[in-house]
Amino acid sequence: MKKHYKTESEIRNAIKCHLELKGWVVIRMGAPVFGEKGMGGLLCMKNGITAWVETKSEKGKMSDGQKKFANNVDRGGGLYILARSVEYAIKMLDSIEIAYLNLSGEVAGTIKPDKRMKLICNVKDDKKSDK
């Protein structure tokens, strides 16, 4: 993985290949037809974790649309990574941990996401209370 990729396309393709080998589901996001302008180039998912990865060359700059999209992901509590190398993207994604809280709402510790974990939504059906 020490090969030096120069263009954004080379970096993006190499990140996609390396992450897929590590068990990530990676979707290449092309120019948006119905999506938001500036969307991250790769949507990466594994063990309930979803992250947007935008690739740039060493001198590449984010467009205003990309900056806005990154800000929106951040405001929504999502994960957004600006990667200028394969190594950086993998390092960042491998370092993801999930924090769990104590009864006071403080971080009690962290755990690494695992394929045995599932994110669930427990929503009760309110229709019964309408009767």
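**Entry 1: burial and surface.** I looked up burial and found that 31% of the 131 residues in the protein are buried, where buried means under 20% relative accessible area, exposed over 50%, and partly exposed in between, with a 1.4 Å probe and protein chains only. I note that this is a predicted model, in which local features need pLDDT of at least 70 and side-chain atom pairs count only at pLDDT 80 or more, while totals for chains, interfaces and linings use all residues. Residues are numbered from 1 along each chain as its sequence is written, and side-chain values use heavy atoms, with hydrogens and water left out. I recorded an accessible surface of about 9500 Å² for the protein, 54% of it belonging to carbon and sulfur atoms; such areas come from the Shrake-Rupley method with a 1.4 Å probe, and for residues only the protein chains shown count as cover.

**Entry 2: elements.** I found three helices and six strands, in the order α-β-β-β-α-β-α-β-β along the sequence. Helices (H or I, at least four residues) and strands (E, at least two) are DSSP runs numbered from the N terminus.

**Entry 3: a strand pair.** I saw that β3 (residues 49–55) and β4 (residues 79–83) run parallel and are joined by five bridges; strands pair if DSSP finds at least two bridges between them. I noted I81 in β4 as the bridge partner of V53. With helix α2 (residues 64–75), these strands make a right-handed β-α-β unit. Right-handed means that, with the strands pointing away from the viewer, the path from the first strand over the helix to the second runs clockwise.

**Entry 4: cores.** I looked up the largest nonpolar core and found 19 residues, with I15, L19, W24, C44, V53 and L93 having the most contacts inside it. A nonpolar core is a set of buried Ala, Val, Leu, Ile, Met, Phe, Trp, Tyr and Cys residues joined through side-chain atoms within 4.5 Å. At least two residues of this core come from each of α1 (8–21), β2, β3, β4 and α3 (86–94). Apart from this core lies another, of eight residues, including M39 and Y80.

**Entry 5: two loop residues.** I located S57 in the loop between β3 and α2. S57 is buried, with a relative accessible area of 17%, and touches K6, E8, I11 and R84, not counting residues up to four places away in sequence; contact means heavy atoms within 4.5 Å. I then turned to N47, in the loop between β2 (42–46) and β3. N47 is not a glycine, yet has a positive phi of about 50 degrees.
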